[in-house]
Amino acid sequence: MQAALWRRFGGARWALRVPEGAPRPRCLGPGSAPAPRCWSCGSCLPGAEGLPHFCPGCRALQPPGPRPDLFRLMDCDRSFRIDAQQLQRRFRSLQRALHPDRFGRRPPKEQHYSQQHSSLINKAYQTLLNPLSRGLYLLELNGVELAQETDCDADSVFLTEIMEINEKLAEPKSEDILEEIETLIKVKQEELTKEVTAAFERDDLQEAKKLLAKMKYFANLEDKLKNKKIPS
């Protein structure tokens, strides 16, 4: 009985196999566009919208997308206001799953993809964690040209304040002066971060752009301060 069934159904299954070298059936994604295939086994891949994913057939790690949305990658709303603890949890979870150490015995191509994912995850985490880079990235996603420092030229009061801080940094090293500047920069950055948050929440992208340009000035001052504090 079993032999008869095998001859009837097993033989039929064998007869339906695609010959070697024959073209594969088309693999269609949303809107009938060709869907991506696994680099390892050729299986059709489900849409993952740029998220790290493994082939459902052979479990091979797939390469990152060309322009992934860093907010979606880190499981955050596309907003200037983020949950830093949630961001950190997502970062650690992705790094545990995709760290190159986990792929040491996998094919070289998969090891390379793991390194790419790990680098992308680090970039996404650092970009979204820092208010300045997060704001600039949001502007980019919204098609707003990133602010240049010259955009603040009309604000003479602001530029005078920046010039005075630069002059203090150029003076001979004094711990009291450096501590005073550090406190000032921190306060100004916190004030600007609140203003940028409000600008994004009312969808005023041009105001957010101007405020982020000011934040860039203070970020530059912060770098100069760090260099000044390095023991000579």
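Okay, let's start with a cysteine: Cys-76 is buried, at a relative accessible area of 12%. Buried here means under 20% relative accessible area, with exposed over 50% and partly exposed in between, using a 1.4 Å probe and protein chains only. Cys-38 also counts as buried, at 5% relative accessibility.

Quick housekeeping. This is a predicted model, so local features need pLDDT of at least 70 and side-chain atom pairs count only at pLDDT 80 or more, while totals for chains, interfaces and linings use all residues. Residues are numbered from 1 along each chain as its sequence is written, and side-chain values use heavy atoms, with hydrogens and water left out.

Back to the cysteines. How many disulfides are there, if one is a pair of cysteine sulfur atoms within 2.5 Å? The count is zero. Cys-38 is in no disulfide, and its nearest cysteine sulfur, on Cys-58, sits 3.6 Å away.

Next, Arg-59. You'll find Arg-59 in the loop between helix 1 (2–15) and helix 2 (70–73). Helices, by the way, are DSSP runs of H or I with at least four residues, strands are E runs of at least two, and both are numbered from the N terminus. Setting aside neighbours within four places in sequence, Arg-59 is in contact with Phe-54, Arg-106 and Glu-110, where contact means heavy atoms within 4.5 Å.

Now helix 7, residues 175–201. Helix 7 has 27 residues and spans 39 Å from first C-alpha to last, close to the expected 39 Å; that expectation is 1.5 Å times one less than the number of residues. Its buried residues include Leu-178, Ile-181, Ile-185 and Gln-189. The buried residues pack against helix 5 (131–141), helix 6 (156–170) and helix 8 (205–229). After helix 7 comes Asp-203, with a positive phi near 60 degrees.

Last stop, the largest pocket. For a pocket, we put a 1 Å grid over the protein atoms alone and look for an open set of points where a 1.4 Å probe fits, with protein on both sides within 12 Å along at least five of seven lines; lining residues have an atom within 4 Å of a point. Which residues lie nearest the centre of the largest pocket? They are Asn-130, Ile-185, Lys-186, Gln-189 and Glu-222, out of 16 lining residues. Helix 5, helix 7 and helix 8 each give two or more residues to that lining, and helix 8 has the largest share, with seven.

Notes. A disulfide is a pair of cysteine sulfur atoms within 2.5 Å.
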